[in-house]
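Here is my note for a colleague who is meeting this structure for the first time. Please look through the sequence and the model before reading the points.

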Amino acid sequence: MVFFKYSLQDPKLHLPQAGYEAKVKKMDSQLNQYLPVLMLLLVTSGFAVSTLIISVAAGKLGRRTKTKDIPYECGMLPEGEGNSRMSVKFYLVALLFVLFDIEVVFMYPWAVTYKKLLETDATLALGGMLSFMFILLVGYVYALKKRAFDWKS
Amino acid sequence: MNYSLIIVEITAVLIGLGVLMTDLWISPAARKGLGYAAAVAVGCLLAFATGSLAPQHGLGFRDSFVVDDLARFFKAFFLFGAIVVILMTVEFSSRIASGLSEFFALVIFALVGMLFAASANDLVLLFVSLELITVTFYILTSFQRNRLASLEAGVKYLILGAVASAFMVFGIALIFGSANSTNFRVIAAHQTELATSPVFLLGLLLVLAGLGFKIAAFPFQAWAPDVYQGSPAPATAFLAVGSKAAGFVLLIRLLTQAVPQITAEWSRLLVVMSAATIIYGSLCAIPQRNLKRLMGYSSIANAGYLLLGIVAMSRSGSTAILFYLGGYFFTVLAAFTAMSALAEHIETDEIAGLAGLGRRSPFLAATLTLSLVSLAGIPPMVGFFGKVLLLRSVFESAPGRPDLYLLLGIAVIGVVISLYYYFGVIRSIYWGGSTPNLAPIRTSLGTKVALGTCIAGMVFLGIAPNGYLRIAETAIGGIDSAAGRLKSPALKKVSAHEAH
């Protein structure tokens with residue numbers, strides 16, 4: 001049934017063969033470590049489902065008043081609509097913040113490992129970051145021209 | 001590192017950014033012209049990518065990026081699709097309230113994701129390219145933001161897409177944990193050991209689920225009808241053609257190239273998936289009253305037929321997938337271009353709304369009819385030949401495998417059912433009863449050219465399939481030999497390093 005095959009003459013592909021099977025086996029035994037996680041998952045979902053069932057089964061249906069049905073808000077009376085609308089400006093600010101925050105998040109580890117990167121592939125080290133920043137710059141010009149930074153408009 | 005390998009992708013990114021920037025300095029009236037310019041630019045890129053100047057074979061970026069015949073076939077496919085979708089958007093522009101240029105740019109960014117997907121040889125690149133496609137489609141599907149249906153489509157696609165991505169990235173993590181690599185070549189070299197590892201198999205299953213979402217295969221198909229119905233027609237067309245084809249090129253790479261042994265062992269699973277997808281798509285399409293929704297279910301059924309080529313696990317199966325996708329390309333684009341041309345004149349998407357179309361616009365009526373006939377698989381249209389190839393490839397692998405004979409039977413039943421619902425639409429077009437409005441519908445020259453090309457493609461590939469079939473065979477033939485022929489600098493560096 002096997003008809004597509006990579007060439008196995010490749011030197012790279014043969015080398016990790018030694019001890020590979022043992023590594024695979026080890027990973028499988030490591031999976032057993034996750035058994036507590038599975039148990040926790042079962043306990044938590046069981047708890048959530050059973051409390052829902054118990055509250056329906058044990059709660060007395062029919063004794064409902066309007067006051068009882070309002071959502072609990074730390075003892076305060078809820079005000080206004082549940083889905084009130086917000087100005088789109090706030091979303092724009094959040095979006096732009098994420099955009100430029102991510103830029104910095106990428107740049108820190110890059111700056112830390114920059115000297116090491118230069119030894120392996122200098123073009124990729126600088127060119128990769130420059131192309132990333134170029135794309136972000138386009139985004140910045142776009143936001144600027146679309147007046148995303150202009151709070152009053 | 002050989003940067004010239006990704007020159008097509010880099011150019012596509014620059015075209016997309018260029019469209020986005022140009023829009024800032026031109027008047028709103030010139031935006032249609034920008035669309036034509038973008039289409040021309042992508043057309044030049046298509047000419048370059050299919051020409052001899054483009055990288056022909058190569059492996060780079062630590063073996064994560066491969067250029068071979070299969071990759072080049074799909075790159076041409078996606079570029080061509082993007083051109084048609086951009087032209088379709090220009091026609092559709094009156095219904096896009098704001099952000100027309102952004103629509104063009106997003107189509108091109110999705111195209112970049114597809115171009116990378118065609119060359120992905122590593123699970124990380126697979127994931128990143130798929131995410132680029134999916135995230136752009138979240139926006140494209142909800143682009144008509146003052147239409148409730150479009151917003152609904154976007155939200156549904158977002159939520160289900162996020163779940164599918166989570167599955168996939170979790171699967172990739174498990175595969176990396178057990179295989180110590182995300183590269184397809186390394187996984188292929190070690191698949192005998194890996195096939196015994198439950199962690200690896202679980203990871204592969206999760207990745208398969210993520211890809212199943214992209215191609216809308218059962219049981220990950222729930223999003224398709226709603227998204228197809230609500231999205232703007234050009235976005236739906238690109239979703240049906242581009243996104244599905246990207247899913248299939250990755251399936252071909254992963255299942256038949258990286259883990260063929262495990263795929264052979266999982267044959268039963270794929271048979272069930274294919275059969276269930278065909279049955280679900282066909283049966284659910286019957287009661288549909290909305291044309292775009294019907295196309296959504298039809299797309300599910302077609303994913304099932306395409307999976308036949310994977311189930312066959314043979315060269316002819318993969319060739320049949322490529323051939324079918326080519327035919328599906330023309331057919332679906334013709335149908336959606338006709339629908340978006342109609343959208344201005346017929347308020348509703350309902351099938352009953354097509355009544356009288358045969359008299360109002362014989363050309364659009366004929367286009368829609370021909371594409372539905374092709375989807376139903378009636379000769380001499382391309383859909384017939386594609387289905388025959390897919391069924392034949394399964395038939396060739398079938399001896400000694402009763403489940404494959406059963407699958408063949410189901411596929412044929414699916415085709416018969418599809419005749420019923422496709423012809424329901426055709427009946428509505430020509431014999432739909434009386435309509436109050438009999439004003440003739442005019443179509444613009446651009447639409448006529450696009451539709452003419454699609455019809456010519458459908459008929460030509462159906463009557464004279466040999467040339468295209470040979471291209472598809474070359475693309476599949478290159479899949480196994482390319483890796484052996486390649487000697488990438490990265491590989492040499494590694495081997496030299498290890499020799500010390």
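The numbered points below go from the model and its confidence to the two chains and then to some details.

1. What is shown is a predicted model, in which local features need pLDDT of at least 70 and side-chain atom pairs count only at pLDDT 80 or more, while totals for chains, interfaces and linings use all residues. Residues are numbered from 1 along each chain as its sequence is written, and chains are lettered from A and ligands numbered from 1 in the order in which they are written.

2. For the complex, the predictor gives an ipTM of 0.80 and a pTM of 0.86.

3. Chain A has a mean pLDDT of 79, and 78% of its residues reach 70 or more. Its confidence is lowest in helix α1 (residues 11–14), at a mean of 45, and highest in helix α3 (residues 35–58), at 91. Over residues 1–15 of chain A the pLDDT stays under 50, although the model has 31 contacts for them beyond four places in sequence. Where pLDDT is low, the predicted coordinates should not be read in detail.

4. Chain A comes to seven helices and zero strands, where helices (H or I, at least four residues) and strands (E, at least two) are DSSP runs numbered from the N terminus.

5. Chain B comes to 22 helices and two strands. Its radius of gyration, taken over C-alpha atoms, is 22 Å, close to the 23 Å that the globule rule (2.2 Å times the number of residues to the power 0.38) gives for 500 residues, so chain B is as compact as a globular protein of that length. Of the 500 residues of chain B, 58% count as buried.

6. Which residues touch the most other members of the largest nonpolar core? Among its 189 residues they are Val42(B), Ile86(B), Val107(B), Ile108(B) and Leu111(B); such a core is a set of buried Ala, Val, Leu, Ile, Met, Phe, Trp, Tyr and Cys residues joined through C-beta atoms within 7 Å. Helix α15 (residues 315–342) of chain B gives the largest share of this core, 18 residues. Leaving aside neighbours within four places in sequence, the contacts of Val42(B) include Ile15(B), Leu79(B), Ile86(B) and Ile108(B).

7. The axes of helix α14 (residues 291–312) of chain B and α15(B) come within 8 Å and cross at roughly 170°, which makes α14(B) roughly antiparallel to α15(B). Among the residues making the contact are Leu291(B) and Tyr305(B) of α14(B) and Ser316(B) and Met339(B) of α15(B).

8. Gly113(B) is found in helix α4 (residues 100–119) of chain B and counts as buried because there are 25 C-beta neighbours inside 10 Å. Beyond four places in sequence, Gly113(B) is in contact with Ser129(B), Leu132(B), Ile133(B) and Thr136(B).

Technical notes
A residue is buried if 20 or more other C-beta atoms lie within 10 Å of its own, exposed if 12 or fewer, and partly exposed in between; C-beta atoms are placed from the backbone. Two residues are in contact if their C-beta atoms, placed from the backbone, lie within 7 Å. pLDDT is the predictor's confidence in each residue, from 0 to 100. Axes are lines fitted to C-alpha atoms, for helices over the stretch in contact, and angles run from 0 to 180 degrees between N-to-C directions. Angles under 35 degrees count as roughly parallel, over 145 as roughly antiparallel, 65 to 115 as roughly perpendicular and the rest as oblique.
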